[in-house]
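Student: I have a new model open and would like to learn how to read its features. Could you walk me through a few?

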Amino acid sequence: SALLSFFSAPEAGAYIAISYEALARETVVELMPLVENAAGESFLYVPNIEIVHSSVVGEIIAKENAGLIKKLGRFMTKDEKLFYEKSMSSDLDRILAKYSPAKKIIYLLPDNFSSDPLWKRLTILQEKELFTLIVCHEMAHALSDQKYSLFGYMGQVRTVDESHSLNACIEGYAVFITKIVAKKLGYDRPEYKDFLEGRFEYSISKPEDMVLKMNTELMNFYYLGGSGFFERIYKTGGISAVKRILRSPPKDTDIIMHPEKLRHKKRKKTISLENIIEGLKEIPIFKDWDYVDKHYGSALFKSVLIGGGFSRADAETVLKKYTNGAQSVWYKDDKCFTINIFAFEDHRAAQKFVDLDRKNIRMLSRNDLISIKSSDEIKIKGADRAWKDEYQVSAFFKRDSYSVMGFVKDFLVVDVQCVNSPELYGHQDFTLSKIMSNITKQKQ
């Protein structure tokens, strides 16, 4: 085939864009019936395909994500926005292909193929097979766009959790279809396992790695978690059930993790946490500080746990009875003060979370990522004794940062963090009693 002939070329310099584009188009035509058969749907038209440099795709991604960042930016601090924007641009050299719903074009980035870790280990024949799977993944995106306008739902998201859930549907569906096609072609072999599953790995060796690992875990949720969701939907309801999901994708990441809950007429009761810290916004000490708040859906909470050092098994244990969470952040220059409130189904689940968090803190301490101090060891002038009496755990991080944890109302867990702001540790407005008083007001 032309594809195999192409990969048999002796030097990269022999490749020219026009032949590569023709090759890609031939692959699209060969894959169309396979993708359609897997999806139980027909393309409205043959997807367009172009060969481009990563800088072109970078501009396209920036434009397509600008609206979402603007919409959800109110849930991000300046540092979080900057990290998100940087992560998009820094990952450009890792992107092998990209489907643009705005332009209705599949973009291939052959300049990045040779630097891909998996690509480097492949034989010429295997390169041909992986190339086919890459194109197949993007064709699945094109089909979901043509038939269901799946990408269009992104303009309707109202929360960060909804955006994570939709991303899992978008990427998970593409992985789901690609795995079916790979099996049909006989390409479902060990060497392609990580690519087919969309698996990402990242290890923690220094404190800064925690944020990177958190984002890596979110990527795992989109690809690995999303495809697992569709596989379970398919197993119980066939392709018609998959189509129903595409017509009305779930807005809750907890559903992606536990699709069996779609059948539950009664959802577990949750307490509304989004506004419980509303009364703390106007505290005089934060008069000239910036403020953001966010909702902790299951996917974000899991990524925070694993990014913070929890094992996958421990994170799954915590999530079994986790209902929801909320975060309020005040920040100014390099100072930051955060209150996280996590709700569980019962006291036992909340206690289990605190116990596992203690275990994780000890592990991080042994690895020299943080150092622990007991409440009595933290000597800060003006620190309120109530903090030491009410909060169960205190940890002193390597930089000027404190993290303390305790219970509120049996099934709620409160986590307070002071970064580069030790004067806020023990502040009377942030004792559990004060926060509990505010929660009570919100419930009335």
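Tutor: Gladly. Let's begin with one side chain: Lys 302 touches Glu 217, Met 257, Arg 312, Ala 315, Glu 316 and Leu 319, leaving aside residues up to four places away in sequence. Keep in mind that this is a predicted model.

Student: Where does Lys 302 lie?

Tutor: Lys 302 is part of helix H11, which covers residues 298–307.

Student: Does Lys 302 count as buried or exposed, and why?

Tutor: The cut-off for buried is under 20% relative accessible area. Lys 302 has 12% relative accessibility, so Lys 302 counts as buried.

Student: Which residues meet where H12 packs on H13?

Tutor: From H12 come Asp 314, Thr 317 and Val 318, and they meet Lys 352, Phe 353, Leu 356 and Lys 359 of H13. By class, the residues of this contact are 3 nonpolar, 1 polar and 3 charged.

Student: I also picked out Ile 361. Where does Ile 361 lie, and is it buried or exposed?

Tutor: Ile 361 lies in helix H13, and Ile 361 counts as buried because its relative accessibility is 11%. In sequence Ile 361 and Gly 309 are 52 residues apart, while their C-alpha atoms are 8.3 Å apart in space.

Student: What about the sheet: what is its strand order?

Tutor: The order is E1-E3-E2, in an open sheet of 3 strands with mixed pairing. Strand E1 (48–51) and strand E2 (97–100) are at the edges with a single partner strand each, so one side of each has no neighbour in the sheet. From one strand to the next, the twist averages 20 degrees.

Student: How many bridges join E2 to E3?

Tutor: There are 4 bridges between E2 and strand E3 (residues 105–108), and the two run antiparallel. One example is Lys 98, whose bridge partner in E3 is Tyr 107. Helix H6 (residues 124–148) packs on the sheet, touching E2 and E3, and its direction makes about 15 degrees with that of E2.

Definitions and conventions
Residues are numbered from 1 along each chain as its sequence is written. This is a predicted model: local features need pLDDT of at least 70, side-chain atom pairs count only at pLDDT 80 or more; totals for chains, interfaces and linings use all residues. Side-chain values use heavy atoms; hydrogens and water are left out. Contact means heavy atoms within 4.5 Å. Ala, Val, Leu, Ile, Met, Phe, Trp, Tyr, Cys and Pro count as nonpolar, Asp, Glu, Lys and Arg as charged, and the others, Gly among them, as polar. Two strands pair if DSSP finds at least two bridges between them. Axes are lines fitted to C-alpha atoms, for helices over the stretch in contact, and angles run from 0 to 180 degrees between N-to-C directions. Buried means under 20% relative accessible area, exposed over 50%, partly exposed in between (1.4 Å probe, protein chains only).
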